[in-house]
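Student: Could you take me through the sheet in this protein, one step at a time? I would like to know what it is built from and what packs on it.

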Amino acid sequence: MSFPNTFIVGAAKAGTTSLHYYLGQHPQVFMSEWKEPHHFADIAPAPELTHMMRRYADEPSYTELFRDAGTRPIVGEASPSYLWDFGAAARIRARVPKARIIILLRDPIARAYSHYLMDVREGLQQRPFLEAVRSDYALQGKRWGSRGHLYVELGLYADQLARYYAAFPADRIRVHLFDDLQTRPLWVLEDLAQFLGIDAGMMASINTSESRNAYARPRGALSRALMAQSGLRQAAQVLVPARLRRAIRDRILLRRDAKPATDPAAITYLRELFEPDVQRLEALLKRPLPELRTSWGLPGREMGAQRRE
């Protein structure tokens, strides 16, 4: 069985789904069909989230995800829990010392808002954005997938990246920005081809036009009520194949739409939390990162026209 040698580790809601899909189209790359196996993260998904999240904790079930990799030189997966999880970098290094690590970063306020809207859509959040963020940030003992939402914590990138630079040589890590993946995906993909040692010319044939995890909302009151039923979701997890579940969700229950605006008070509150961390990140990466502040000076306006999550 093949074992992955390339990991898209996050951040959550920063383009990992799209990048997983894009790289998987390259003939020299095999990406796991189940996008987020979370093998190297210490998580325990709550029952109501099992329709969205599953952890392949034991190695036999994990390696089964890569059984069809064949002789392709790049075998990968994408689990955004790995960037936030305190021990994931060290666990990956211990198992795959020469792993290649890909990190995507997004404006942390826009990331938090996208995360919040997903939770609202899934029936996991009912509070207004600012109230939800304040309440969640004050909660103690949060864990990925089981306690709290981590709206703020998942966007505090400096310490998260520092753990990877402590575990791996800098030339085994590639950092890209959500904005670049959205506006010039071929440039990002060609750079990643060089990083991965695969044919960059083949990237031109990859379909980057299809949105992945674009914002969508329930089609009506019935769809919203159905999606809020955790028991129904758990039954569907057992009885309905994954591809059919996704088709029902994306084509029947949800419809694509423009993101609603957020309130200026939420931007002000989060800007004060994130600014010191972005400055530390800039020092770590030795580069300015204005792309991580694109929404900060636009109170009352829509949080960007992002298509791909």
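Tutor: Happy to! Let's begin with the setting: 51% of the 309 residues of the protein count as buried, meaning under 20% relative accessible area with a 1.4 Å probe, protein chains only. Please keep in mind that this is a predicted model, where local features need pLDDT of at least 70, side-chain atom pairs count only at pLDDT 80 or more, and totals for chains, interfaces and linings use all residues. Residues are numbered from 1 along each chain as its sequence is written, and side-chain values use heavy atoms, leaving out hydrogens and water.

Five strands make up an open sheet with parallel pairing, in the order S2-S3-S1-S4-S5; two strands pair if DSSP finds at least two bridges between them. At the edges are S2 (29-31) and S5 (173-177), each pairing on one side only. From one strand to the next, the twist averages 20 degrees.

Look next at S1 (residues 6-8) and S4 (residues 100-105): they run parallel and are joined by three bridges. Here threonine 6 stands opposite arginine 100 in S4.

What lies across the sheet strands S1, S3, S4 and S5? Helix H9 (residues 185-196) does, running at about 180 degrees to S5. Such angles run from 0 to 180 degrees between N-to-C directions, using axes fitted to C-alpha atoms, for helices over the stretch in contact, that is, with heavy atoms within 4.5 Å.

Definitions and conventions:
Helix = DSSP H or I, 4+ residues; strand = E, 2+ residues; numbered from the N terminus. Buried < 20%, exposed > 50% of the residue type's maximum accessible area, 1.4 Å probe, protein only.
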